Amino acid sequence: MDQHTHTNTTTTPLLPLHASETSIKSIFTLKTLFVLLGPLLCALICLFVKVDGPSPTTSRNMLGVLAWVFAWWLTEAVPMPITSMSPLFLFPLFGIAAADDVARAYMDDVISLVLGSFILALAVEHYNIHRRLALNITLVFCGDPLNPQLLLLGICATTAFVSMWMHNTPTTVMMMPVATGILQRLPSSGEASKFCKAVVLGVIYSSAIGGMSTLTGTGVNLILVGMWKSYFPEAQPLSFSTWFFFGFPMALLLFIALWLILCLVYCPRGSGQTLSAYLDKTHIRRELDVLGPMAFAEKMILTVFSVLIVLWMTRSITDDIPGWGSLFNDRVGDGTVSVMMATLLFIIPNKKQQGEKLMDWNKCNKLPWNIVLLLGAGLAIAEGVRTSGVADVLSRSLDFLGKTPYLAVAPAVCVISGMLTELITSNNATTTIMVPLLIQIAKNINVHPLLLMVPGAIGAQFAFLLPTATPSNVIGLTTGRIDVVDMLKTGFPLKIAGTLVLSMLMPTLGALVFVSLETGQH
């Protein structure tokens, strides 16, 4: 027996003979190469790139870290949320910022705005309010017989309208479940999947376009107003109505362009017949009847949401008419309101079961932390770009614009801002980097500063190509209905349309609206 055991152990190898080959193959995969690509690019930049400026080493290290993070983001060698956390260790190790300073970016007011909005959106989803809204929009816009182009217009127009009064990200968070609620009844192949793509793309781009039309619609416009006020304190402030006279016509033209592009690419003629089987009016009415009248919980959530929108809109209106924020010495932000209203959901009873509230923490399990971390990374990088001196290096590289005639400068500024947002920073950070530089260029070529500041700020919002460019784009991608190719297919013509619209409107309507605002400098 012992002998048999002994022979058995000698004849059976402890490890498979080909293990070494398979383990080598499993190490040298494309994924591993992509993982190594980040540190490799960073090392090459740190060793061979020379940067001028007040702190050349920090600037160079920042460029290296940017290359590392973007290599991982674009190749998805490491899951996106984990890559989003990498500035937390890369910045302190490369001497760009202290650990506490980097961590602070991950809990900025913008992040609390998003967290509060997401909790509200989860409540909307939990009580099927988005489904009710989706059915009503479909009923109003689907036409008889079904007209997919009209239905798409209805969804996009609703999103754009909501985005005029809310920030882009919460708008997308709120409207995406409404849109996917409409799409739930469609199959995921053929004509129907094309229409699904059109709807998801329509929501993310309409929220960006709607936000451009009002001062409160997006952070970029608010940054622009702040910079106008700080650089030209003597000047007449940029008011809600002044912006609207320019922003609304521009957003309207861009919205029409978006709808036409989506119809051409994704909604061919005759697609209505295929879709009408799934989106029948009597069927939708029946579903609305099944939902029944609105319960107390649904009414309360809609009330909380409505109050939130009113508070967002009236926090700071204009310099002449201060909003309610001035009662608190302007210490409150949009995030303050967002989290405060979300907190109410955990206090107000839902009147369904004794002691049960509208929301409880278990319902928040689906909070998209990946988006929160991605936003945090964007804010941390933006701060790093500013403090490390990379922003100065970028601004010096744009000096050539000072020698260009205005008609060519406006589109160039718009394109450069857009590319910066797509590739390097958030649209807020791009505006913060670009606007001071554009004020300088405006002085050099002797034009009104706003005629360059506005294309810079609006161009920063033309981030339609890459998912990482804005949180709304990420939300669109997480639905699983679109991919990067779809974004490029729609985003590229939309970017061109946006640049053309802005180039036409700036010297005409822009001059009319903005030049009347004296800079106060002679």
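In which helix is Leu30 found? Leu30 is found in helix H3, residues 30-48. This is a predicted model, in which local features need pLDDT of at least 70, side-chain atom pairs count only at pLDDT 80 or more, and totals for chains, interfaces and linings use all residues. Residues are numbered from 1 along each chain as its sequence is written, and side-chain values use heavy atoms, with hydrogens and water left out. Helices (H or I, at least four residues) are DSSP runs numbered from the N terminus.

- Leu30 is exposed, at a relative accessible area of 55%. Exposed means over 50%, buried under 20%, and partly exposed in between, with a 1.4 Å probe and protein chains only.
- Leu30 and Val372 lie 342 residues apart in sequence. Their C-alpha atoms are 28 Å apart in space.
- Phe232 sits in the loop between helix H13 (219-231) and H14. Phe232 is buried, with a relative accessible area of 3%.
- Between Phe232 and Gly510 the sequence separation is 278 residues. The C-alpha to C-alpha distance is 18 Å.

**Helix H8**

- H8 covers residues 109-126, 18 residues in total. From first C-alpha to last it reaches 26 Å, close to the 26 Å expected at 1.5 Å a residue. The expected span is 1.5 Å times one less than the number of residues.
- Of the 18 residues of H8, 14 are buried, so the helix is largely enclosed by the rest of the structure.
- Asn128 follows H8 and has a positive phi, near 60°.

**H14 against H25**

- The axes of H14 (residues 240-266) and H25 (residues 484-514) come within 9 Å and cross at roughly 155°. H14 is therefore roughly antiparallel to H25, a label for angles over 145 degrees. Axes are lines fitted to C-alpha atoms over the stretch in contact, with angles from 0 to 180 degrees between N-to-C directions.
- The contact residues of H14 with H25 divide into 23 nonpolar, 4 polar and 2 charged. Ala, Val, Leu, Ile, Met, Phe, Trp, Tyr, Cys and Pro count as nonpolar, Asp, Glu, Lys and Arg as charged, and the others, Gly among them, as polar.

**Cysteines**

- A search of the whole structure finds 0 disulfides (pairs of cysteine sulfur atoms within 2.5 Å).
- Cys46 is in no disulfide; its nearest cysteine sulfur, that of Cys42, is 4.2 Å away. Cys46 is buried, at 17% relative accessible area.
- Cys267 is in no disulfide either; the nearest cysteine sulfur belongs to Cys263, 5.2 Å away. Cys267 counts as buried at 4% relative accessibility.

Terms used:
Helices (H or I, at least four residues) and strands (E, at least two) are DSSP runs, numbered from the N terminus. Angles under 35 degrees count as roughly parallel, over 145 as roughly antiparallel, 65 to 115 as roughly perpendicular and the rest as oblique.
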